[in-house]
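Trainee: I would like to learn how to read helix packing and backbone features from a model. Can we go through one together?

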Amino acid sequence: MAYRLQYRRYRLPFRAPLRTAHGVWAEREGLILRLEDETGRVGWGEAATLPWFGTETADAAEAACLTLGEFVPTEAFELLPSHLGCLRQALVAARAAESAPVECKPMPVAALLPAGRTALARVEPLAEAGFRTFKWKVGVESAGDELGLLDDLCARLPGGGRLRLDANGAWDRRTAEKWLERTAERPVEFVEQPCFAKASQGTALRRQAEDLLLGLAADYPTPIALDEALVGDGDVEHWLRLGWRGVFVIKPSLCGDMAATMQKLAAAKAAVVFSSALETAVGAKQALATAWRWTGEPRALGFGVWPLFADGRFDGPALAPFLRWQDVQRINEEAVWNALS
Ligand code: MG
């Protein structure tokens, strides 16, 4: 079986630049793939590259598409090197026959709060709209300022409401400990990636950061979630081997071999949160399909991101406290493709 491969590169400004501990992020780059088999069946994928997160660049993904050429034998997909995880994932998604998820129940969505004090005013309207899980970016301003806002924020949560804190790896040990002492008695579902060392910082620092995370997870009652620590195919396996009992934040768009990763997580009965990589609706459809196929305990989806782009044609379903499988199925990949022509 051979496929006809076409791609369109995109560079899309966000409606508003995002502030995280990684800095200010104003636009998103990536590729939309269109794959057509010999019978004329068309599949779609998105290589939503995030180089600062540890994936390949959009340039590298495009170069690999050019090397693959327009007509690609199916074996060529398996031969792509593992550092092209986003592209591999996109090709596999585009090739796979669309299979219905096991269960079609609506899934709760976590609302994304802006960093800093601006978050306070957002909680109540979102709670009124029905949201119960809120994600707040921390590690952006000084820890003192942010810690000072935590109680105000918790006080605004609706009954049963919970907060996810995402530090994007910004804290050192002392800051993380200070936070985890405070979150112990508060409605905090988890603290996401309190500390992190990139692979480029060397094995010793990386090992140190891992030990720190394992130590924090053992010493404090608030669960800790891994996000930045899970980029390559081997990372989930690595943390499962280390016996990680915290949460795994999975961004399916960045996961080179999603099916195998899901199997390993399910076998370990891991706690999994599915999260957006701020991809377009094409990648989001694939990522959400993975979330619906997950057989473990469902947790609020990290997909409270839309409207996201300055050009709304690239957005997924409108922000709502629950997402239905029908809303996901309704995403029209061809419309996104045409918007790029
Ligand atoms: Mg995160």
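## Reading helices and loops

Mentor: Asparagine 168 lies in the loop between β7 and α6. Keep in mind that the model is predicted.

Trainee: What is the phi of asparagine 168 near?

Mentor: Start with the general idea. Most residues other than glycine have a negative phi, and most peptide bonds are trans. Asparagine 168 has a positive phi, near 50 degrees, although the residue is not glycine.

Trainee: Is asparagine 168 buried or exposed?

Mentor: Its relative accessible area is 8%. The cut-off for buried is under 20%, so asparagine 168 counts as buried.

Trainee: Where is glutamine 193 found, and what is its phi near?

Mentor: Glutamine 193 sits in the loop between β8 and α7. Its phi is positive, near 40 degrees, and this residue too is other than glycine. With a relative accessibility of 0%, glutamine 193 is classed as buried.

Trainee: Which glycine follows α1, and what is its phi near?

Mentor: That is glycine 69, with a positive phi near 85 degrees.

Trainee: And the peptide bond from tryptophan 306 to proline 307: cis or trans?

Mentor: That bond is cis, and its omega is near 0 degrees. Proline 307 belongs to the loop between β12 (residues 301-304) and β13 (residues 322-323).

Trainee: Let us turn to helix pairs. What describes two packed helices?

Mentor: Two packed helices are described by the angle between their axes and the distance between the axes. For helix α7 (residues 203-219) and helix α8 (residues 233-241), the angle is about 50 degrees and the axes are 12 Å apart. α7 and α8 are therefore oblique to each other. The crossing of α7 past α8 is right-handed.

Trainee: Which residues of α7 and α8 meet?

Mentor: From α7 come Arg206, Glu210, Leu213 and Leu214; from α8 come Asp235, His238 and Trp239. Sorted by class, this contact of α7 with α8 has 3 nonpolar, 1 polar and 3 charged residues.

Trainee: At what angle do the axes of α5 and α6 cross?

Mentor: They cross at roughly 5 degrees and come within 11 Å. Angles under 35 degrees count as roughly parallel, and α5 and α6 are therefore roughly parallel to each other. On the α5 side the contact involves Ala143, Glu146, Leu147, Leu150 and Asp151, which meet Thr175, Lys178, Trp179, Arg182 and Thr183 of α6. By class, the contact of α5 with α6 divides into 4 nonpolar, 2 polar and 4 charged residues.

Trainee: Staying with α6, which of its residues are buried?

Mentor: In helix α6 (residues 173-183), Thr175, Ala176, Trp179, Leu180 and Thr183 are buried. Viewed down the axis of α6, they fall within an arc of 130 degrees, so they line one face of the helix. Arg174 and Glu181 are exposed on the other side of α6. The buried residues of α6 pack against β6 (133-137), α5 (143-156), β7 (162-166), β8 (188-192), α7 and β9 (224-226).

Trainee: Which residues are buried in helix α1?

Mentor: In α1 (residues 58-68) the buried residues are Ala58, Ala61, Ala64, Cys65 and Leu68. Their arc around the axis is only 125 degrees, which puts them on the same side of α1. The face turned away from that buried side carries Asp59, Leu66 and Thr67, which are exposed. Among the elements that cover the buried residues of α1 are β1 (2-20), β2 (23-36), β4 (71-73), α2 (75-78) and α3 (85-95).

Trainee: Where is leucine 84 found?

Mentor: Leucine 84 is in the loop between α2 and α3. Its relative accessible area is 6%, and leucine 84 is buried. Not counting residues up to four places away in sequence, leucine 84 touches Glu56, Ala60 and Ala64. Leucine 254 is 170 residues from leucine 84 along the chain, and their C-alpha atoms are separated by 9.6 Å.

Definitions and conventions
Residues numbered from 1 in each chain as written. Predicted model: local features only at pLDDT ≥ 70, side-chain atom pairs only at ≥ 80, totals over all residues. Heavy atoms only, no water. Axes fitted to C-alpha atoms, helices over the stretch in contact; angles between N-to-C directions. Helix = DSSP H or I, 4+ residues; strand = E, 2+ residues; numbered from the N terminus. Parallel < 35°, antiparallel > 145°, perpendicular 65-115°, else oblique. Left-handed = near helix turned anticlockwise from the far one by under 90°. Contact = heavy atoms within 4.5 Å. Nonpolar A, V, L, I, M, F, W, Y, C, P; charged D, E, K, R; others polar. Buried < 20%, exposed > 50% of the residue type's maximum accessible area, 1.4 Å probe, protein only. Arc of directions from axis to C-beta.
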